[in-house]
Amino acid sequence: MKRGGAAGLRFHSKDAARLMEGTPAVDAVGLEERAASLGKRSIKRESKLRALDLAIRCMDLTTLEGTDTRGKIVAMCAKAVRPDPVDPTIPPVAAVCLYPQLVPVAVGQLKNTGVRVASVAGAFPSGLGPLDARLAEVREVVDMGADEVDIVLNRSLFLDGQYEQAFQELAAAREAAGSTCLKVILEIGELGSYDRVRQASILAMAAGADFIKTSTGKLSKGASPPGALCMMEAAREFLHETGRHVGVKVAGGVRRSKQAIQYLVLLHETLGPEWMTPDLFRIGASSLLNDVLMQIDKERTGRYQGPDYFTID
Amino acid sequence: MGETTEIEKGGETEEQVAPWEYATARESTEVVHLRDRYDLFVGGRFIEPKSGRYFITINPATEEPLAEVAEAGEEDVDLAVRAAREAFEERWRDLPGKERAKFVYRIARALQERSREFAVLETMNNGKPIKESRDVDVPLAAAHFFYYAGWADKLEYAFPGRTPRPLGVAAQITPWNFPLLMCAWKLAPALATGNTIVLKPASTTPLTALLLAEVIEQAEVPPGVVNVIPGPGGKTGEWLARHPDVAKIAFTGSTEIGKVLRRSVAGTGKRLTLELGGKAANIVFEDAPLDQAIEGIVNGIFFNQGEVCCAGSRLFVQESVFEALLDKLKTRLNTLRVGDPLDKNTDVGAINSRDQLEKITELVRSGIEEGAEMFQPECDLPERGFWFRPTLFTNVSQSHRIAREEIFGPVLSILTFRTPAEAVEKANNTPYGLSAGIWTEKGSRILWMAERMRAGVVWANTFNRFDPSSPFGGYKESGFGREGGRHGLEPYLHLEGGAP
């Protein structure tokens, strides 16, 4: 895994305001047009199978419900390791993503499977708890054995123009996470413009994020192709400026294979083949996996199976 | 997956995966029913040419022949003009506007219903990528018919206080770069205003015009209202333009032929509109949304292989962002997919003809000889057919041929500027004046620039965007007259009475 980690931190908080100003503008019409035109790529046959396989390998199988229980996590972990119990050619997903309290369950279930445990932390999904408590939560999930931590950008500070403080919080979370993979959720549906999405991306990457992530999945507006494209362009810019590779995670409303393939096309034509790996791309989703399995089956056999042929864990 | 090899490295898994490729996604040609032979469409029927001559039209992406097409001789031209004249006087001129509109709406709907057929045929005959004929040419052509159908019964409202009257027979000569779309641009306003038409499509791309003739026949447009007579511009086109019964000539094509036409109508009283060449400036300021500007530059010059009269073929970049922009542009060029135009994932298709390919090649050679620096992405080109790699030139100066002459191919000349005033001066320093693009986040600068650009169309933070309601046309050697919008009605009307 390519990790920035604390050692990769290259910016100080006083740079934050300057960074914001230096971020190039984003033209909404042009961005949306580009995303739409890439959405029309026709991905068929073997390239579709490759894409579907990659979509599974890049998937953070997610449950973030107040009703999540031990039993639910045990079942989801089994599904994460063997998405299709009768087909060993289907790869395991990249990670499971869940609430802090359930981390030990997942860690126990996934030991030596290669599937990683990701936990949200830092007063998810608002990010507005006391800072000490949020940082403590990050440390705690790391101590419990989480391989990855998904935190949220403090939109309250960011939208208020307090970039330096927003940056400091992220940098503190970076430090709290140590060498554990840190994903920063921007919640693009709350940022109001693509200019803001691009600025927030730069801010999070400069603060040391290993991944920038579109959404919490808790809003009706989750990931969108133009939003993701905007973040990918920011990651490309950041690589150019600093030489550091930062991953992109799309999450929120990605339920269909077709959407997943569309994001892979955006990734492929924006950041290139180098990014087509779970180290640098993730799709956070709860119901996408079965649709992908159904599509793989359809590509192989030419027929659709009913939903009862795919397990619902 | 087969391509995946896993190498264990210090407990972590490093994967080496063969790059993801898009499988061929070829649009089927089954929807197109090519005839072996296409006749002239005159007086509402397909008839054999009196000339007795047929020429072969090919697919420029494969050089395979597609069909034989009738070539209209002088006698055929006369027949067509007489059919149009008769239709004008007896069947069309005095038809109420709302009745004319019905026919124009029918054509529009038929284009939509048969959109795939038109798109595939256009791509086969022209070489443009199917994604463009499918998403741009055909929908825009239908939109033009819809738009002007709406005007047919409202002409007096378009010109308050005046009495609009049709002119008579319009001779329309269309180019090969947007064969169907240019027919639509010309036919729709002429029909809506009550004129009849003799249309001569470009000699390398007659097939969609002939398919449109079929649609017109099926729409039961009165016989003779639209006549389609393919043939070479130098002969058929000239006979048509010189015919005494022609009241108006609408031409889209080269500046060279435009000048010939203008001379030939001098003193005849014929009305003329010309839509000719261009050498558009696409101007990028340092505060521009750079990633979107890159898309605009690419769209500006590689859309339709750069075979666009309003192509953004001169890129002016503010010096402070030149390096950054050039880097991005080169990276982007490497992702362009050049090849089979029928593949739905193709971005850049085939050049329309061997002649055009030779012209592009010659101008590119002159660019190298004059000391400009060339960049082309690595990409495999098909063995047969007419192909040219997307090309960038840097170190270009205003005096180079590649900065002055219209190349009409996928070749971009990149120049720099320091101040807005310098950008204006350099951008206007061309005999052409069809279009321009301005990229900046500053609204006041867009307005300041647009006021000073001597170009018929100025795009702000976008490029090559067309709409039937928006007038299109040139300054200087790019021609005169406007197509599209309310302005597009005027060249087809006598406006009597009213304001002086």
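In chain B, β9(B) and β10(B) run parallel and are joined by 5 bridges; strands count as paired when DSSP finds at least two bridges between them. The model is predicted: local features need pLDDT of at least 70 and side-chain atom pairs count only at pLDDT 80 or more, whereas totals for chains, interfaces and linings use all residues. Residues are numbered from 1 along each chain as its sequence is written, while chains are lettered from A and ligands numbered from 1 in the order in which they are written. Helices (H or I, at least four residues) and strands (E, at least two) are DSSP runs, numbered from the N terminus.

- The rest of the structure largely encloses β10(B), because 5 of its 5 residues are buried (20 or more other C-beta atoms within 10 Å of a residue's own; 12 or fewer is exposed, in between partly exposed; C-beta atoms are placed from the backbone).
- Both faces of β10(B) are covered, with T196(B), V198(B) and K200(B) buried on one side and I197(B) and L199(B) on the other.
- K200(B) in β10(B) has I173(B) opposite it.
- From β9(B) the chain passes through α6(B) to β10(B) in a right-handed β-α-β crossover; right-handed denotes a clockwise path from the first strand over the helix to the second, with the strands pointing away from the viewer.
- β10(B) is also joined in parallel to strand β11 (residues 226-228) of chain B, by 3 bridges, and V226(B) in β11(B) is the bridge partner of I197(B).
- The crossover from β10(B) through helix α7 (residues 207-218) of chain B to β11(B) is right-handed.

**Helix packing in chain B**

- Helices α4 (residues 130-151) and α6 (residues 179-192) of chain B pack at an angle of about 5 degrees, with their axes 8 Å apart; axes are lines fitted to C-alpha atoms, for helices over the stretch in contact, and angles run from 0 to 180 degrees between N-to-C directions.
- α4(B) and α6(B) are therefore roughly parallel to each other (an angle under 35 degrees).
- Residues of α4(B) in this contact include F145(B), Y148(B) and W151(B), and those of α6(B) include L181(B), W185(B) and P189(B); contact requires C-beta atoms, placed from the backbone, within 7 Å.
- The residues of the contact of α4(B) with α6(B) comprise 14 nonpolar, 1 polar and 1 charged (Ala, Val, Leu, Ile, Met, Phe, Trp, Tyr, Cys and Pro are nonpolar; Asp, Glu, Lys and Arg charged; the others, Gly among them, polar).
- Helix α8 (residues 233-242) of chain B is mostly covered, with 7 of its 10 residues buried, among them W239(B) and L240(B).
- The cover over the buried residues of α8(B) includes β10 (196-200) and α9 (255-265) of chain B.

**The seven-stranded sheet of chain B**

- An open sheet of 7 strands with mixed pairing has the order β16-β17-β18-β15-β14-β19-β20 (chain B).
- Its edge strands, β16 (373-375) and β20 (457-460) of chain B, each pair on one side only, and the twist averages 20 degrees from one strand to the next.
- β16(B) pairs with strand β17 (residues 391-394) of chain B in the antiparallel sense over 3 bridges, where E373(B) has T394(B) in β17(B) as its bridge partner.
- Helix α10 (residues 290-302) of chain B lies across β14, β15, β18 and β19 of chain B, running at about 165 degrees to β19(B).

**Interface of chains A and B**

- Contacts link 26 residues of chain A with 23 residues of chain B.
- On the side of chain A that touches chain B, α2 (28-38), α3 (45-57) and α11 (257-270) of chain A each supply at least two residues, and α3(A) gives the most, with 6 residues.
- By class, that side of chain A has 10 nonpolar, 5 polar and 11 charged residues.

Technical notes. Two residues are in contact if their C-beta atoms, placed from the backbone, lie within 7 Å. Angles under 35 degrees count as roughly parallel, over 145 as roughly antiparallel, 65 to 115 as roughly perpendicular and the rest as oblique.
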